[in-house]
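Me: I would like to go through the labels used for this model and the rules behind them. Take them one at a time, please.

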Amino acid sequence: MTAFQLFRRTAVITLTLLLAACASSGDSPTGTPSEVQEIQSQLLGDMPLPAASKIIGSDSLIIGRGDNWVGRVVLSGVQTPTDIYAFFQAEYPKAGWTTISAVKSKTSILVFTKGDRTSTVEVNEGSFGGPKTIITITASPKNANVVAPTKK
């Protein structure tokens, strides 16, 4: 075996190990798909989620639980951004959410309301070697007291 062949073989093995480490890192919940879905529905209540999507805990901030949580949840999705966008457009109204705005683009944004709550869904293409889609859902009270900063 020549020095070049040895170098090439070592480089391929090293690259394979690095990619495997990247693919297995993260904080995805473990358990059967139904167990993961049950935990997510307990956290997020009446917000349907695409099949096999998983919460990325390190990027999420969930305050409360069930139908009254506020904050941001980031999910990895296995479907394409177009399929995820179509899912939210179809499923949120079925769960009682009213569509306020929907923009389909490279970064798609959907805004929904239900009762005294507002939810914004952002859908982005995932990274190479990662999930196909990154979904960010932000939930807050509809009439939150937002005070604009004053100039002094």
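Me: Are Phe-88 and Tyr-92 buried or exposed?

Reply: Both Phe-88 and Tyr-92 are buried. Buried means under 20% relative accessible area, exposed means over 50%, and partly exposed lies in between (1.4 Å probe, protein chains only). A word on the basis: this is a predicted model, where local features need pLDDT of at least 70, side-chain atom pairs count only at pLDDT 80 or more, and totals for chains, interfaces and linings use all residues. Residues are numbered from 1 along each chain as its sequence is written, and side-chain values use heavy atoms, with hydrogens and water left out.

Me: What makes two rings a pair, and how many aromatic pairs are there?

Reply: Rings of Phe, Tyr and Trp (its six-membered ring) pair if their centres lie within 6.5 Å; planes under 30 degrees apart count as stacked, over 60 as edge-to-face and the rest as tilted. That rule gives four aromatic pairs.

Me: Why is the pair of Phe-88 and Tyr-92 called edge-to-face?

Reply: The ring centres of Phe-88 and Tyr-92 are 5.2 Å apart and the planes meet at 65°, so the pair is edge-to-face. Both residues lie in helix H3 (residues 81–94), four residues apart, about one turn of the helix. Helices (H or I, at least four residues) and strands (E, at least two) are DSSP runs, numbered from the N terminus.

Me: What is the pair of Tyr-92 and Phe-112 called, and where do its two residues lie?

Reply: Tyr-92 and Phe-112 form a tilted pair, with 4.7 Å centre to centre and 40° between the planes. This pair links distant parts of the chain: Tyr-92 is in helix H3, Phe-112 in strand E5 (residues 108–114), 20 residues apart. Tyr-92 and Phe-112 are both buried.

Me: Which residues do the ring pairs link into a cluster?

Reply: The cluster consists of Phe-87, Phe-88, Tyr-92, Trp-97 and Phe-112.

Me: How do you know that the charged end of Lys-104 sits over the ring of Tyr-85?

Reply: The rule asks for NZ of Lys or CZ of Arg within 6 Å of the ring centre and within 35 degrees of the ring normal. The charged end of Lys-104 sits over the Tyr-85 ring, 5.6 Å from its centre.

Me: Why is Ile-39 called partly exposed?

Reply: Its relative accessible area is 43%, so Ile-39 is partly exposed. Ile-39 is found in helix H2 (residues 33–44).

Me: How many helices and strands does the protein chain have?

Reply: The protein chain has three helices and seven strands. Along the sequence, the pattern is α-α-β-β-β-α-β-β-β-β.
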